[in-house]
Amino acid sequence: MSVDNAYAVELKGVTFKRGSRSIFNNVDIRIPRGKVTGIMGPSGCGKTTLLRLIGAQLRPASGEVWVAGQNLPTLSRSDLFDARKQMGVLFQSGALFTDLDVFENVAFPLRVHTQLSDEMIRDIVLMKLQAVGLRGAFELMPDELSGGMKRRVALARAIALDPQILMYDEPFVGQDPIAMGVLVRLIRLLNDALGITSIVVSHDLAETASIADYLYVVGDGQVLGQGTPQELMNSDNPRIRQFMKGDPDGPVPFHFPAPDYRADLLGKR
Amino acid sequence: MRRKSLLERIRLFGRAAIDVLAVLGRSWLFLLHALIGRGGIGGSFQLLVKQLYSVGVLSLAIIVVSGIFIGMVLSLQGFNILSSYGSEQAVGQMIALTLLRELGPVVTALLFAGRAGSALTAEIGNMKSTEQLSSLEMIGVDPLKYIVAPRLWAGFISLPLLAMIFSVVGIWGGSWVAVDWLGVYEGSFWSNMQNSVSFTDDVLNGVIKSVVFAFVVTWIAVFQGYDCEPTSEGISRATTKTVVYASLAVLGLDFILTALMFGDF
Amino acid sequence: MQNRTLEIGVGLFLLAGILALLLLALRVSGLSASPSSDTYKLYANFDNIAGLTVRSKVTMAGVTIGRVTAIDLDRDSFTGRVTMELEKRLDNLPSDSTASILTAGLLGEKYVGISVGGDETVLKDGGVIHDTQSSLVLEDLIGKFLLNSVGKEAK
């Protein structure tokens, strides 16, 4: 097997198309094991698509997606469901099951995939909830929680089966500063304490840069740059520099492509 | 405006046809995946019970109320027409045959599409848009087995039961109007009915109809939810589609089934 | 417990459905408990079966004793052949019994009425009733009546 053990996830020459528009074009990404890797890029550049490719919810048009020694696109439907047991995903909206309470939400993966007794499940669930600081909220229904709490419950659910890889889809969007701080701390903490590989997909520069060991910047279906946060900050690539500094205009133009302004205003319809 | 060339029109027509075929293909695969194959999730019986409740029990009220009223109206109308031929005893026969053969299965299916079908679509669409389906997948649970299959079965089971309850309640409502109100002799009301209604040809054929409708309506509802665009606009469009497609399918199939069952070929 | 009420609701719903089926079977369609398999077949050829349909009643002395199960044309005699299934316990019909096609009321449905003959031998399964009386066709009656009156005037 061609998988280097230092990498938990490897994308080789992945091309993905939606309709005739190609989202990724021959992309290579390697996620180091046991580290926090940030994947950054402007909105709409396909970051979430990337997570779905790693989770094999989408199939690439060509290329290989290696996770834990398996090339996911070649697996059968049922093997895929087995392979996913070692991945956890924190979705943007939390994606809690609205008809189950907090406790049952976290217990769900355990009930489905293990034969543990009810007492064991109870203990594990309470441990996971304690880890995210919400043990006291186990009886609440998802719609009684704030956005930040939902995400933390979803995090507890994602780590219920002790996955090897944990993926976060835009964890910082729409969070108040306190909730954001809590999440940043949790991601780092879980990564170090459980020794899992974390992949954070985000466009929130400061937070991501503060926890990531390694960063990828994607855009236009390409990997624009990679390196430690420090390396990227000092990059001389203008596109990366624009993104890292947050300049409004630059290689990524402020204006959507349009005909000449003057001609448009003065010309006839 | 530039006029489209003939070739362009033909191309658009072709593309529309291909789209329709693609949706049909997807919906078949969807159904096969949901109902056949490995599905061993513990407690799926519990899931079915829960869905039977929300799909069946909660539709009961509207079915019973509309059944009573439709039976009563049939009775009034039938009495008026039949009494001018002096054969108002036949009103029981008329009510029973109309309900068993046509109105029971059809009206129940239409009400079911509006009440339970749209709810199924909206619920699944909502799960899709809040990423609950994706998150099930990532937990390693097939949403087709866990979310879709119990709902399909609940629909298949509920609708025929609802249709039979509808017919019984309708006949009871009709007999109440005819016998207690309009003064049709009770004995001839029931005996006329029993003489003309055949269990296999009328009751069972009606049940077969409602089984077919159950299959189609639930399938459309669940598929539209699963296949919808995961936005609030997409969900509302899918819900409308469910009601429209399901109603049209029921009415169209009803004609075909009636021709096969009661037509003389 | 919420689960409990839910299960009770579903249980009641299923019971109501089964009850509805039973009511439809017994009360509405008058399905009797006795199985219909205890029957035997009789044939009768009519010159004209107009209006008689499959599932029509077969009666004797006003009592329903069977049903018409098939109607087809006899290739040799060009008559309508009616297949009837009669209750098994009535196995003592004399072989010269008469079958006639009757109408219930002025506009009612057609049915087969059997009147008893006096022969010693009885009809067996698959037997044929030879003495038949065809359906009364209103148009024929009117036609005959008109012909008669025309004939009288000519005299």
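Let me begin with chain B, which has nine helices and zero strands, so that, read from the N terminus on, its elements run α-α-α-α-α-α-α-α-α. Please keep in mind throughout that this is a predicted model.

Staying with chain B for a moment, its C-alpha trace spans about 65 × 55 × 35 Å along its principal axes, and of its 265 residues, 48% are buried. If we look at the contacts in chain B with a separation of 6 or more, 87% of them are between residues 24 or more positions apart.

Helix α2 of chain B, residues 44–56, has 13 residues and reaches 17 Å from its first C-alpha to its last, which is close to the 18 Å expected at 1.5 Å a residue. Within α2(B), the buried residues are Gln51(B), Leu52(B), Ser54(B), Val55(B) and Gly56(B).

Now to how the chains meet. Which chains share the most contacts? Of the two pairs of chains in contact, it is chains B and C, and their contact takes 18 residues from chain C and 21 residues from chain B. On the side of chain C that touches chain B, the residues divide into twelve nonpolar, four polar and two charged.

The other pair is chains A and B, where the contact takes 18 residues from chain A and 13 residues from chain B. On the chain A side, the elements that give two or more residues are α2 (77–83), β6 (87–90) and α3 (102–113) of chain A, and α3(A) gives the most, with four residues. By class, this side of chain A has nine nonpolar, six polar and three charged residues. Chain A and chain C, for their part, do not touch, and their nearest C-alpha atoms are 13 Å apart.

Let me turn to the interior. In soluble globular proteins, nonpolar side chains tend to be buried together. Here the largest nonpolar core has 149 residues, and the members that touch the most others are Met167(A), Ile165(B) and Val217(B). Helix α6 of chain B, residues 143–181, supplies the largest share of this core, namely 20 residues. There is also a second, separate core of 18 residues, which includes Val58(C), Val68(C), Leu86(C) and Ile101(C).

What does Met167(A) touch, once residues up to four places away in sequence are left out? Its contacts are Leu51(A), Ile54(A), Gly55(A), Met87(A), Val89(A), Leu90(A) and Ile199(A).

Strand β9 of chain A, residues 214–219, and strand β10 of chain A, residues 222–227, run antiparallel and are joined by five bridges. One residue to look for is Val218(A), whose bridge partner in β10(A) is Val223(A). Between the strands of this hairpin there are two residues, and Asp220(A) takes a positive phi near 55°.

Finally, a word on chain C, where the domain assignment gives domain 1 (1–32) and domain 2 (37–140).

To close, I would come back to the arrangement of the chains: chains B and C share the most contacts of the two pairs that are in contact, whereas chain A and chain C do not touch.

Technical notes: Residues numbered from 1 in each chain as written. Chains lettered and ligands numbered in written order. Predicted model: local features only at pLDDT ≥ 70, side-chain atom pairs only at ≥ 80, totals over all residues. Contact = placed C-beta atoms within 7 Å. Nonpolar A, V, L, I, M, F, W, Y, C, P; charged D, E, K, R; others polar. Core = buried A, V, L, I, M, F, W, Y, C linked by C-beta atoms within 7 Å. Buried ≥ 20, exposed ≤ 12 C-beta atoms within 10 Å, placed from the backbone. Pairing = 2+ DSSP bridges. Domains from an automatic or database assignment. Expected span 1.5 Å × (residues − 1).
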